[in-house]
Amino acid sequence: GVEERRALAELAAGVAREAGELAADGQEGIGVLATKSTPTDVVTAMDRSSEELIRKRLLSARPGDAVLGEEGGEEAGAGGAGRVRWIVDPIDGTVNYLYGREEWAVSIAAEVEGRVVAGAVAVPRRGQVYTAVLGGGSFLDGRPLQAPEAPSLDFALIATGFGYDPRRRAWQAEVLRTVLPRVRDIRRNGSAAVDLCSLARGQADGYYERGLNQWDWAAGALVAQEAGVLVGGLRGAPANPDLTIAAGPGLFEELHGLLEPLAADTDGPAAED
Ligand code: IPD
């Protein structure tokens with residue numbers, strides 16, 4: 001029931017906040033490394049220790065659960081087959097993290113029988129935590145969120161992301177050629193989780209991205225949905241690595257209509273980012 005989901009969201013929020021503080025401490029002084037030879041190693045190390053902390057906290061609170069993480073893959077909890085599968089991105093927005101920027105997040109979602117039922121997205125450098133409960137609303141620091149009515153496409157601020165795969169980047173550039181002249185403006189903020197949450201409070205009107213992994217969108221999509229935003233793939237499919245679209249009713253259909261013919265021009269199966 002909703003009460004049980006609320007408890008999952010609270011657990012996710014507490015753990016995301018703690019892992020976020022750890023990562024935020026580690027971010028200090030990292031900026032200078034961005035221009036040196038192997039800066040990504042530093043980020044990867046932080047990703048790993050953040051994810052380890054998250055696994056430890058989730059599994060000690062709920063020993064029977066499973067955890068799917070960006071760094072560590074899937075790991076069943078010690079207590080055997082669990083009902084909840086946690087989907088974890090220890091640092092979503094790693095390039096922003098590397099450059100000392102604020103827009104990165106810790107994303108934790110709880111999935112039951114293939115459905116995300118609760119989630120939390122902590123944005124540590126802003127001291128913010130978004131939470132969402134399936135059927136129970138979405139919240140920013142405990143205050144309920146309701147997305148404003150979406151404008152038409154030509155007045156819409158559209159967030160997007162490009163992923164890291166060069167073949168996919170070429171597709172992204174082609175899509176931008178079509179989308180950019182049709183909308184108010186584009187934002188490339190650098191964290192899919194934060195992008196989706198920003199729709200829940202009207203800081204952008206729509207969002208699309210190709211090549212996302214489930215840990216990038218799982219928690220943020222629930223935050224957006226519970227605030228009244230539609231999230232899905234092409235032709236009624238759920239959000240998936242080929243395409244994730246998010247926007248309020250009306251705008252969602254317009255954005256879908258614009259992207260559908262372009263999406264046919266594939267860049268092969270989604271590569272690991
Ligand atoms: C990335 C961010 C970025 C998006 C990429 C993701 P990561 O996540 O969400 O905004 O454009 O597709 O991979 O790799 O920093 O966890």
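Residues are numbered from 1 along each chain as its sequence is written. In this predicted model, local features require pLDDT of at least 70 and side-chain atom pairs count only at pLDDT 80 or more, whereas totals for chains, interfaces and linings use all residues. Helices (H or I, at least four residues) and strands (E, at least two) are DSSP runs, numbered from the N terminus.

Strand 6 (residues 128–133) has five of its six residues buried and is therefore largely enclosed by the rest of the structure; a residue is buried if 20 or more other C-beta atoms, placed from the backbone, lie within 10 Å of its own. With strand 5 (residues 115–123), strand 6 pairs in the antiparallel sense over six bridges, pairing requiring at least two DSSP bridges between the strands. Strand 6 is also joined to strand 7 (residues 137–140) by four bridges, again antiparallel. Tyr130 of strand 6 stands opposite Val121 and has Leu140 as its bridge partner in strand 7.

Both pairings are hairpins. Four residues separate strands 5 and 6, and Gly127 in that turn has a positive phi of about 60 degrees. Three residues lie between strands 6 and 7, where the turn residue Gly135 has a positive phi of about 75 degrees.

The axes of helix 5 (residues 192–200) and helix 6 (residues 214–226), which come within 8 Å, cross at roughly 5 degrees; axes are lines fitted to C-alpha atoms over the stretch in contact, with angles running from 0 to 180 degrees between N-to-C directions. The two helices are therefore roughly parallel, a term for angles under 35 degrees.

Definitions and conventions
Buried ≥ 20, exposed ≤ 12 C-beta atoms within 10 Å, placed from the backbone. Parallel < 35°, antiparallel > 145°, perpendicular 65-115°, else oblique.
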